[in-house]
Amino acid sequence: MDPCPFVRLIVESLALKLPQATKPAGSGVYPTTTPCFCKLRLKNFPSQTALLPLSNSSGDSPPESSTSAAGFHLDALTLRRLSGKPVTLRIEVYTGRMGHTCGVSSGKLVGRVQVTLDLGVSQARPSVFQNGWMKLGNEPEKPTAKLHLTVKSEPDPRFVFQFGGEPECSPVVFQIQGNIRQPVFSCKFSADRSRSRSLPPDFSNKNRGWMRTFSGEKERQGRERKGWMIMIHDLSGSPVAAASMITPFVPSPGSDRVSRSNPGAWLILRPNGFSVSSWKPWGRLEAWRERGPIDGLGYKFELVTENGPNNGIPIAEATMSIKKGGQFCIDRRVSRDPSALSLRSPVKGFVMGATVEGEGKVSKPVVQVGMQHVTCMADAALFIALSAAIDLSMDACQLFSRKLRKELCHDHEHDSFS
């Protein structure tokens, strides 16, 4: 099937120019730490916040430094709903630090601007809606602050997949296009506590650098979750990707939760050549539980790409709510080091996103993959395996005082890796 239409709304080149009398001390000297920020609001989307460096540029010259917002992703349903309607992006500019103090916003409003968007042609070609400085005040005689921003849209078609059930139940994975659901992959989950069974037979001796070992209290039965693996097969039954728990999920000493000091980890694997028993690592996903701004506690994920036998470079990270779940994205526009991506394509932009549910909810992950990153279905299978590992990690990171569902606890099958 063809990919689904998506449009990416990009907000970048953000900077603020304040009247001389209102500039905070040190502005222009430390532009990346100045206490100014903006909130971006688009109807029916969560608001976004971005820092604003201060600029001393003269006239209409572009700012010396700038930042970008995460942007908005408009799917086919949203595009149909907004078709032919005026759409307004609202930006509020504040001085002061982001966040709240005693339940009250700590920023002071400087002003607002609006950008009108015409999304009618955005699916077909890139469009620029604003590029330059905008005044924040309406009094022409008085000095006023100015906001520099670029607002544009780009077509961003994506393949969309959904698990037919929870990954531990070995579901079918469907490709979605509108109301059409077509099976494209099958999953096979196993939970064998034997360390050797969580890896392909030719992998352990060649890739010791990816593995960690644990001893003492952490290895006691019932105080670790290990040996989980999920295989992704195409419709012919051939394995095309896998996710294997390479580092057990264990509680940190004196606690009941997986912590950042000892994260659990998965290897995301792809076939190596034509042999069904030969695999190579594509990336490593680490996961743990930590306190954060979302519901007090959250799950933290970090994806590391292969960079030699013993180390890797982080390319994506995410924090998800324990109760609500969330989305894990690989997005080159917000990657900390875009040049380090294991995907060799020079194309920038959205790579993939996986949406999973929180604790206590039936989770059937939805996966979006940028069209330019899929040359064959095996490419998409890697992201399916990664998404399954993310979903399963939310189970593995549950408090050890809680009992896991039976599918995650028993050694159901004793099949070979292939």
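**View 1. The whole chain and its contacts.** A contact here means heavy atoms within 4.5 Å. With that in hand, start with the overall fold of this predicted model: residues 24 or more positions apart account for 62% of the contacts in the protein chain with a separation of 6 or more. The chain contains two helices and 22 strands. Of its 418 residues, 50% are buried.

**View 2. The largest pocket and its centre.** Here we look into the largest pocket, whose volume is about 1,300 Å³. Its lining is made up of 35 residues, and Gln48, Ala70, His73, Gln327 and Cys329 are the ones nearest the centre. By residue class, the lining has 16 nonpolar, 12 polar and seven charged members.

**View 3. Where the pocket lining comes from.** Both domain 1 (8-19 + 33-153) and domain 2 (158-193 + 224-408) give at least three residues to the lining of the largest pocket. Strands to look for include β4 (72-74), β19 (312-321) and β20 (326-331), each supplying at least two lining residues. β21 (350-356) and β22 (366-370) likewise supply at least two each.

**View 4. The largest nonpolar core.** This close-up takes in a core of 58 residues. Phe161, Phe185, Trp228, Ile232, Phe328, Ile330 and Leu386 have the most contacts inside this core. Helix α2 (residues 377-396) provides the largest share, with 13 residues.

Methods. Residues are numbered from 1 along each chain as its sequence is written. This is a predicted model: local features need pLDDT of at least 70, side-chain atom pairs count only at pLDDT 80 or more; totals for chains, interfaces and linings use all residues. Side-chain values use heavy atoms; hydrogens and water are left out. On a 1 Å grid over the protein atoms alone, a cavity is a set of points where a 1.4 Å probe fits but cannot get out, and a pocket is an open set with protein on both sides within 12 Å along at least five of seven lines; lining residues have an atom within 4 Å of a point. Grid points are joined across faces, edges and corners, and a volume is the space filled by probe spheres set on the points. Helices (H or I, at least four residues) and strands (E, at least two) are DSSP runs, numbered from the N terminus. Ala, Val, Leu, Ile, Met, Phe, Trp, Tyr, Cys and Pro count as nonpolar, Asp, Glu, Lys and Arg as charged, and the others, Gly among them, as polar. Domain bounds come from an automatic or database domain assignment. A nonpolar core is a set of buried Ala, Val, Leu, Ile, Met, Phe, Trp, Tyr and Cys residues joined through side-chain atoms within 4.5 Å. Buried means under 20% relative accessible area, exposed over 50%, partly exposed in between (1.4 Å probe, protein chains only).
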